[in-house]
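Hi,

Here is the structure I promised to pass on.

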Amino acid sequence: MIKSRYSTVESLKIMGSASEHLLGPNITVLLWNVYKCKKKGWQDDFITLIADKNLILLQEAIVNSPFDSHFKKSLQHQWIMARSFKSIKTNIVTGVKTGSTVAAIKHYFSASKHSEPISKTKKMLLATLYPLNIKGQSLLVVNSHLINFVAFEKFKAHLDQVFETLNNHQGPIILAGDFNTWNKKRLKYFNSLAAIFLLEEVKIVRQPRLKHLFKHLDHIYCRGLVIIDAHVHTDIHSSDHFPISLSLNTDILK
């Protein structure tokens with residue numbers, strides 16, 4: 001029997017401090033699968049990209065690494081990480097991580113019911129709720145990394161978990177992440193659920209990549225927000241995914 005290289009650590013870790021009390025009317029967002037921060041230049045790119053962002057949604061984020069101080073000592077963003085697994089060799093923990101200039105008023109996480117083959121690791125979703133500048137309104141942000149290398153039924157089960165987190169929220173939503181939608185069947189099912197929840201896909205101009213089987217894996221969906229602009233940073237190569245910046249506005253809620 002082959003001994004696993006990873007151990008399960010499914011839990012939340014909260015780091016840093018928020019610098020504001022409310023989100024809006026303008027909200028800036030960064031979405032990025034950071035490839036476990038393994039590529040050269042990641043740290044410099046990260047510092048530049050997050051400087052003007054209210055919300056940062058990271059997949060393949062890590063903790064117990066030399067980069068921890070950026071999160072633990074932050075006076076700009078509160079960071080919440082849904083931790084999935086730990087490398088037995090390096091002690092580095094991997095999961096999804098959401099940063100915000102406003103402290104979350106609620107948070108929730110869950111791991112996929114199924115594991116990926118070979119690594120036997122699970123993928124995570126992290127849902128956080130933030131107060132908005134409009135009285136009585138709050139923004140639900142769901143940061144997800146979908147399970148990969150599995151049959152459609154296991155992928156479907158995980159995607160159903162993600163959308164279940166939207167069930168009881170009546171206000172605006174941002175649903176974003178690396179959804180591993182590298183075939184038509186996966187994307188079709190994803191879009192069918194998005195339509196049920198009245199989510200609008202953010203249109204992003206980009207070129208498909210060979211490593212991703214010429215399909216787009218990273219998506220952003222919104223509800224109840226005005227989409228101002230979306231930009232893919234194709235000049236940044238410190239991950240195997242390009243970072244995506246997004247500008248939103250809450251004026252539609254007034």
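To start with, does Ile-252 count as buried or exposed? Ile-252 counts as exposed, because its relative accessibility is 53%; exposed means over 50% relative accessible area, buried under 20%, and partly exposed in between (1.4 Å probe, protein chains only).

Before the rest, please keep in mind that this is a predicted model, where local features need pLDDT of at least 70 and side-chain atom pairs count only at pLDDT 80 or more, while totals for chains, interfaces and linings use all residues. Residues are numbered from 1 along each chain as its sequence is written, and side-chain values use heavy atoms, with hydrogens and water left out.

Back to Ile-252: you'll find it in the segment after β13 (244-249). Helices (H or I, at least four residues) and strands (E, at least two) are DSSP runs, numbered from the N terminus. Together with Val-226 and Ile-228, Ile-252 makes a nonpolar surface patch of about 260 Å². For such a patch, residues need over 30% relative accessible area and no salt bridge, with nonpolar side chains (Val, Leu, Ile, Met, Phe, Trp, Tyr) joined within 5 Å and like charges within 9 Å. The areas come from the Shrake-Rupley method with a 1.4 Å probe, and for residues only the protein chains shown count as cover.

Next, helix α3. Buried residues in α3 include Phe-152, Phe-155, Leu-159 and Phe-163. Among the elements covering the buried residues of α3 are β7 (124-131), β9 (173-178) and α4 (184-196), where contact means heavy atoms within 4.5 Å.

On to charges. Side chains of opposite charge can pair when their charged atoms come close. The structure has four salt bridges (a side-chain nitrogen of Lys or Arg within 4 Å of a carboxyl oxygen of Asp or Glu). Asp-160 is partly exposed at 21% relative accessibility, and Lys-156 is partly exposed at 25%.

Another bridge joins Lys-123 to Glu-116, with the closest N and O atoms 2.8 Å apart. Lys-123 is buried at 14%, and Glu-116 is buried at 6%. Lys-53 and Asp-52 also pair, at 3.0 Å; here Lys-53 is buried at 7%, whereas Asp-52 is exposed at 51%.

Cheers
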